[in-house]
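Visitor: Could you walk me through the aromatic side chains and the nonpolar core of this model?

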Amino acid sequence: FAHRDPGMFDEQDEHMVTGLAAQTAVALEHVHLYRALRESELRFRQLVDAMPQIVWTARADGFIDYSNRQWYEQFSELSPDVGGDVSWSFVLHPDDLTRTVNRWYASVRSGEPYEIEYRFKDLTTNSFRWYLGRALPIRDEQGRIVRWFGTGTDIDDQKRAEQASRFLAQASAELTGMTDYLAALQRIAHL
């Protein structure tokens, strides 16, 4: 702002310039905050994409709105654009579907942390692998849930080792008290 005659600015002009300067400062602060937010989001995505687990977020109502790279590598036929509309029936073992979905929405309603073991379909081998699913609610200052943060950890090797260990213990018990060889072998075969 300039005036060809010195000292020609009045108090109203000063208020206008001061107001514009304040608005400019606020606009610049918003630009800095926006850049910081974008950098933070980029760091978050880089971190969760570097993790070996499936990582996802959901809105307060349970709608899954983000999944990391591992999700799409595991389920290569699913597009990142699908988001929360992915049908659980497409990826979960049929025996785990109802229990898993019911448990998830019970957590969403109650606000309790979500934890469950289920089997996801491995689309490359067309077999199922065990996963441990966990999610924690993120709350605002008033205690309201604003978001869910969840993970899926592959525990298939651990589950299969537990099954093998149970089988060996049961077979060993059958063989230890063995008097009727044929009956013992039938019980072991049943295991």
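Visitor: Is Phe-120 buried or exposed?
Guide: Happy to start there. This is a predicted model, where local features need pLDDT of at least 70, side-chain atom pairs count only at pLDDT 80 or more, and totals for chains, interfaces and linings use all residues. Residues are numbered from 1 along each chain as its sequence is written, and side-chain values use heavy atoms, with hydrogens and water left out. Buried means under 20% relative accessible area, exposed over 50%, and partly exposed in between (1.4 Å probe, protein chains only); Phe-120 has 3%, so the residue is buried.

Visitor: Which residues have the most contacts inside the largest nonpolar core?
Guide: A nonpolar core is a set of buried Ala, Val, Leu, Ile, Met, Phe, Trp, Tyr and Cys residues joined through side-chain atoms within 4.5 Å. The largest one here has 20 residues, and those with the most contacts inside it are Trp-104 and Phe-120.

Visitor: Which element gives the most to this core?
Guide: Helices (H or I, at least four residues) and strands (E, at least two) are DSSP runs, numbered from the N terminus. At least two core residues come from each of β1, α2 (69-74), α4, β3, β4 and β5. With four residues, the top contributor is β3.

Visitor: How many aromatic pairs does the structure hold?
Guide: Rings of Phe, Tyr and Trp (its six-membered ring) pair if their centres lie within 6.5 Å; planes under 30 degrees apart count as stacked, over 60 as edge-to-face and the rest as tilted. By that rule, the number of aromatic pairs is seven.

Visitor: How many residues apart in sequence are the parts that Trp-56 and Trp-104 tie together?
Guide: These two rings pair edge-to-face, 5.2 Å centre to centre with 85° between the planes. Trp-56 sits in strand β1 (residues 54-59) and Trp-104 in helix α4 (residues 94-110), so the parts they tie together are apart in sequence by 48 residues.

Visitor: Which strand holds Tyr-131, the partner of Phe-120?
Guide: Phe-120 and Tyr-131 form a tilted pair, 5.1 Å centre to centre with 55° between the planes. Tyr-131 is buried, with a relative accessible area of 4%. Phe-120 lies in strand β3 (residues 114-122), so the pair ties together parts eleven residues apart, and Tyr-131 is in strand β4 (residues 127-139).
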